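Please read the following report alongside the sequence and the coordinates shown here. It moves from strand pairing to helices and then to single residues.

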Amino acid sequence: MRTTVLIIGGGVTGAGLARDLALRGVACVLVDKQDVNAGASGGNHGLLHSGARYVGSDPLAARECREEGEILRRIAPHCVEDTGGLFVAVSGDDEAYVADFPGLCAKSGITATALDVKTARDLEPALSDRLIAAYAVADASVDPFKLSLDNIGQAMTHGARFLPWTQVVGFRLDAGRIRAATLRDTANGREYELEVSLVVNAAGAWAGRVAALAGPHVDLVFSKGTLLVTQSRITDRVINRLRPATDADILVPGGTVSILGTTSVRIPDPDDCRPSIAEVDQIIDEGAAMVPELNATRYIRAYSGVRPLFGKTSAGSGDRAVSRGFALLDHARDGVENFVTITGGKLTTYRLMAEKAANLVCAKLGVDAPCLTAATVMPPYAGGRWTEPGLAPKKWLKATDPTDSILCECEMVSKSVVDDIVRTMPAASPGTTLLSIGLRSRIGKGPCQGGFCSLRVAGHLYDTEVVRGDQGLCEIRRFLDERWRGVHPILFDFPLMQAEFQEAVHCGLFGLELVREDENGKGKP
C-alpha cells in the first residue's frame, strides 16, 4: 500500500485536513486508532464560538473564532444551529470586567450588543433574577460528529481514504525521512506497512506519543474538561457567564438537550479521562448561579474530553492561561524532513488549522495548488446525516412502514436507519460495529443511554448477519461500558434506580458481567 500523505487522527482537524488536501488533488489516507472524533473533537460543548469568550485572554484566538465561525456558516449551514448567544453577569461578578467587555469585543471585531436585564430574561426566562448585565453575541451550536463526517465524506469523494480502528505503531525511517508507517488493525491485531511521501500528526492529545515514534518531542499539556447533558433543552440560546473564562460558565443548546460545562483539570495521561462526582457537583453549583433551573433538572450523562494545549503554564496560572491557539510544527528542525504536527486549537478554528497544515504539506511536496475549503460548499454526507436530532423520527413517521420497527425508543431510531448506517460507514472490523453505529446516529444518546437499544440493535445485526457468534455480546458490553462511564457520576434519585434495573437486565438475563474479550476482540468465558 502507498499514499502521498498519511494523516494520523480522525478528529475534526484530521478530517478537515483530508478534505483540504483532497480538494487540492493530493492523495491522502486518514487513520484513527478508534473512529471519528474519539478525542477532544467528540468531547466538547459543540459550541461554534463568536470569539467573545477569549477577548480578554487571547485576542488572536478570539479573532480566529469570529472569522472561522462566519466561514463555517457559509460552507456547512446544515451542521450549524444559529442560536445566537448571551453573555450574562450575576450579582457578585467582576464589574470591572463587565465594563471592559464591549470594548474588548470591539478590538477583536466582535459585535456585542448590550441588553437590559429585563429584555435578556424575556428572551431566556430560565436566567437568574440576579442578573446585572447582558450582551448578545453571534454564538451558535454545531454538530461535531456531522461536521467531521461531512469533511471526511467530501474528502473521500475526491479520492481520500478513511481507515478507522487503525493505529500507527511505528515508522520506518531512512536518511532523515519517514519511508513507511506500520499500521495495526486494532480489532484483529494484523499489522502491515503503508509507504508514504509525508506524514501529518493530527492526533490531538496523543500527538506527543505519535511524534515520539519518529523521534521528535512535542510539548503538550493535558487539560480535562467535563460536561453534563440535561434531559431537556433549557434555553434557546448559548448562555455564557460574563467573567474571565473559568469552570462551568457555558450552557449550549443542542437539539433537544443542553450541555453544561466545562472544567479544566490537569491530568497526566489522556487515556485516563473520565468525569468525577466532584466535578459534576461543581458544574451544577456554578451553572445554577446564572440558570437556577440547573439545580433541579435531570441529567442523563456526564462526559469528558482532553484539550491538547501546546506549551507550558507559569507557576500558579492554571491551564486556562495556556493559549487556545494552535501550533504547526515542522519536524525538519528535529531531523525528520517529511513529518508535520498540527495540535492545539479549537473546534471552531479547525478549518484554518487544516489550511495552514495543508499549505506546509504542499510546499514540502512541491504542489502548487491553492486552498479551496473556505469557498467550497461542503455537502451533507449520507454517512453522517443520522447524527441530527429529530431526523430519524421524521423519516420513520413519513414512511409509515409497519415493518420498520423502532430499535431506539428514546431517539426513535428504526431498523432502516441502522441498515443505512451499516451500508455507508467504512467496513467495520469485528468488535467495533455497534460503537461505530452509535457514533453515526442518536442510538444510546437518550435517557436510557443504550440500556435497551443496545440489545435491540445487536439483535438486528444478528438478524441481518452483520455480527455472528459471541461478537454481539462483546459489542454490547463495549458499547455499554462507553455509555455508562458517563452515567456513574450522576447516579442519584431516579437515575440510580434506572441504572440498577438495567444492571439486573443485562447481568441477570445476558450475563454481560461474564463476557470478556481476547486480544482480538473475540468473546471468551
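Which residue in β8 is the bridge partner of leucine 47? The partner is serine 141. The model is a predicted one, in which local features need pLDDT of at least 70 and side-chain atom pairs count only at pLDDT 80 or more, while totals for chains, interfaces and linings use all residues. Residues are numbered from 1 along each chain as its sequence is written, and side-chain values use heavy atoms, with hydrogens and water left out.

**Strands and their pairing**

Helices (H or I, at least four residues) and strands (E, at least two) are DSSP runs, numbered from the N terminus, and two strands pair if DSSP finds at least two bridges between them. The pair that contains leucine 47 belongs to an open sheet of 3 strands, antiparallel in its pairing, with the order β3-β8-β4. Because β3 (47-48) and β4 (80-81) each have a single partner strand, they stand at the edges, and one side of each is left without a neighbour in the sheet.

| Strand pair | Bridges | Facing residues |
|---|---|---|
| β3 and β8 (residues 140-142) | 2 bridges | leucine 47 and serine 141 |
| β19 (residues 326-330) and β20 (residues 339-344) | 5 bridges | leucine 329 and threonine 341 |
| β13 (residues 220-230) and β18 (residues 299-310) | 11 bridges | threonine 230 and tyrosine 299 |

In a regular strand the side chains alternate between the two faces of the sheet. In β19, Ala327 and Leu329 form the covered face, whereas Phe326, Leu328 and Asp330 form the uncovered one. Strand β18 is largely enclosed by the rest of the structure, since 11 of its 12 residues are buried; buried here means under 20% relative accessible area, exposed means over 50%, and partly exposed lies in between (1.4 Å probe, protein chains only).

**Helices**

The expected span of a helix is 1.5 Å times one less than its number of residues. For the 17 residues of helix α2 (residues 59-75) this should give 24 Å, and the end C-alpha atoms are 25 Å apart, which agrees. The buried residues of α2 include Ala61, Cys65, Ile71 and Leu72, and also Glu64 and Glu68.

Helix α10 (residues 415-424) and helix α12 (residues 453-463) have axes that come within 11 Å and cross at roughly 65°, where axes are lines fitted to C-alpha atoms, for helices over the stretch in contact, and angles run from 0 to 180 degrees between N-to-C directions. Contact, defined as heavy atoms within 4.5 Å, is made by Lys415, Val418, Asp419 and Val422 of α10 and by Val457, His460 and Leu461 of α12.

**Single residues**

Isoleucine 239 lies in strand β14 (residues 238-241) and is buried, with a relative accessible area of 0%. Not counting residues up to four places away in sequence, isoleucine 239 touches several residues, among them Leu86, Val88, Asp249 and Met290.

Asparagine 37, in the loop between β2 (28-31) and β3, has a positive phi near 55° and is buried at a relative accessible area of 4%. Tryptophan 165, in the loop between β9 (161-163) and β10 (166-174), likewise has a positive phi near 55°, and its relative accessible area of 6% makes it buried. The peptide bond from glycine 261 to threonine 262 is cis, with omega near 0°, and threonine 262 has its place in the loop between β16 (257-261) and β17 (265-266).
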